[in-house]
Amino acid sequence: MSPCEPLPATKASPNDVCRVLSDEFGVTSNAFLPEQQPLSRLPDPYYAPWEAIVSSLSSHLQQHTLRQEVDRLPVLSTDHLTTEPEWRRTYVVLGFLTHAYVWGGEVASERLPPSITLPFLSVSSHLSLPPVASYAAVNLWNFSSVSPASDLTDLDSLTALHTFTGTQDESWFYMVSVAMEAQGGPIIPVMLSALSALHHHDLPVAIEALGEITSCIHKLGILLDRMDERCDPEVFYHQIRPFLAGSKNMAGAGLPNGVFYDEGKDGKGEWRQYRGGSNGQSSLIQLFDLVLGVEHVAQGNASPDSYSREKKMESFHREVRGYMPEPHRRFLEYVEGRYPGGLRKGVEDLLVTPNRGGNDGERNKLREAFTTATKALAEFRNKHLQIVTRYIVIPSRKENKAKSNNLATASSRLPGDDKKTFVGELTGTGGTALLPFLKQSRDETFRAGDFSR
């Protein structure tokens with residue numbers, strides 16, 4: 001489907017819209033989650049060596065045997081994978097094994113062995129995803145529920161297929177994001193309806209849709225607020241978070257050049273640097289931005305003069321689309337190409353040129369509904385900032401009582417001159433300067449609803 005080719009008209013049946021979303025873009029009734037639960041195991045016994053290690057991942061990491069086990073693995077081919085769920089399952093397994101290998105020791109490993117590199121490059125090429133534990137690997141394709149018919153917005157019914165630590169805290173951390181993704185399922189057709197309605201100057205439909213969008217964002221915030229129920233900040237910061245780090249901007253953690261993906265023949269391979277998995281790679285959150293017309297330029301740099309430079313550079317939000325499943329990237333590109341500037345541009349055009357549609361009362365209601373929706377999204381980002389403060393900022397200020405090297409700190413800040421202390425801005429698992437980036441993203445969201453500038 002061309003980026004500018006419309007989906008079925010606003011008045012088309014919901015089934016028609018959902019069918020096109022699923023067939024063309026992999027968008028399901030669960031939003032960007034698969035329609036069916038992910039595979040919990042590869043069916044072909046050929047892949048049993050991978051499954052054996054990943055099923056006991058936390059034990060191997062605790063006993064410091066993970067790298068030894070991976071080094072003994074044969075190089076398995078991806079030729080036996082026959083369905084897309086199997087390719088996705090393989091991506092999850094190899095993503096977890098990769099990060100466990102790199103971060104599962106006293107020091108980070110700068111080399112990934114051929115037994116992981118070769119199949120991971122193959123599956124990543126097939127899925128058009130980077131060979132890293134992305135948001136898709138740890139969230140979208142890494143969940144199970146109590147029954148196939150379960151409501152995936154029911155957080156209590158969800159559990160992660162795999163974790164690094166074996167803790168309930170880690171599973172809960174991932175499943176909060178899964179439930180939020182599922183919560184967004186019903187709102188995607190509504191967002192498309194709002195864009196189409198405003199494009200055709202149907203203000204009552206757009207106003208109603210904006211109200212539903214605002215309500216959905218509030219529900220996402222309620223789910224995010226449940227993080228504290230079963231995920232302890234200290235456990236997250238010191239035990240879970242180090243494994244989620246990527247290899248980009250990680251010199252302070254022992255990866256000055258990233259990771260060497262060893263292909264095993266006469267030194268063949270490549271140094272690669274990737275961002276780690278983060279919620280910034282969620283297609284759902286980016287879709288809200290595109291629909292509302294929130295413009296992001298933030299790269300997450302910490303320097304005071306970075307903002308002006310970033311306007312000329314690719315924003316983090318656009319860069320991380322490369323970490324999203326390819327059909328989802330195309331969907332975002334479709335929305336962006338079909339409705340440039342999103343709802344904000346449509347609202348602004350009507351305010352500047354009132355005779356285009358609606359009466360004064362409808363236009364005022366439209367502006368109010370739009371501003372309310374952007375404020376809701378900005379407040380959602382405020383909630384995220386509060387989570388970051390509790391789960392990263394505060395734990396980072398406490399003394400580490402462990403005698404071993406603290407990769408939580410090493411992967412969060414740049415090292416000082418003495419190589420023992422860490423200085424500078426906190427960094428996210430995606431490699432950004434954490435607080436400046438998140439604050440800037442929030443402020444950019446607030447600005448989208450301000451028509452006085």
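Which residue lies over the face of Y261? I began my notes with this ring, keeping in mind that the model is predicted, and I found that R272 lies there, at 5.5 Å from the ring centre.

I noted three strands in an open sheet, ordered β1-β4-β5, with mixed pairing, and I marked β1 (111–112) and β5 (269–272) as the edge strands, since each pairs on one side only. β1 and β4 (residues 259–262) run in the parallel sense over two bridges, whereas β4 and β5 pair in the antiparallel sense over four bridges. Between β4 and β5 I followed a hairpin with six residues between the strands, where G264 takes a positive phi near 85 degrees.

Then I turned to the aromatic pairs, of which the structure holds 16. I wrote down Y91 and W141 as edge-to-face, because their planes stand at 75 degrees, with the ring centres 5.9 Å apart. This pair links distant parts of the chain, as Y91 is in helix α5 (residues 84–103) and W141 is in the loop between α7 and β2, 50 residues apart; both residues are buried.

I also recorded F96 and F164, a tilted pair with 4.7 Å centre to centre and 35 degrees between the planes. F96 is in helix α5 and F164 is in the loop between β3 and α8, 68 residues apart, and I found both of them buried.

Last, I noted that ring pairs link F25, F32, F331 and Y334 into a cluster, and that the charged end of R338 sits over the ring of Y339, 5.7 Å from its centre.

Note on methods
Residues are numbered from 1 along each chain as its sequence is written. This is a predicted model: local features need pLDDT of at least 70, side-chain atom pairs count only at pLDDT 80 or more; totals for chains, interfaces and linings use all residues. Side-chain values use heavy atoms; hydrogens and water are left out. Two strands pair if DSSP finds at least two bridges between them. Rings of Phe, Tyr and Trp (its six-membered ring) pair if their centres lie within 6.5 Å; planes under 30 degrees apart count as stacked, over 60 as edge-to-face and the rest as tilted. Buried means under 20% relative accessible area, exposed over 50%, partly exposed in between (1.4 Å probe, protein chains only). A charge sits over a ring if NZ of Lys or CZ of Arg is within 6 Å of the ring centre and within 35 degrees of the ring normal.
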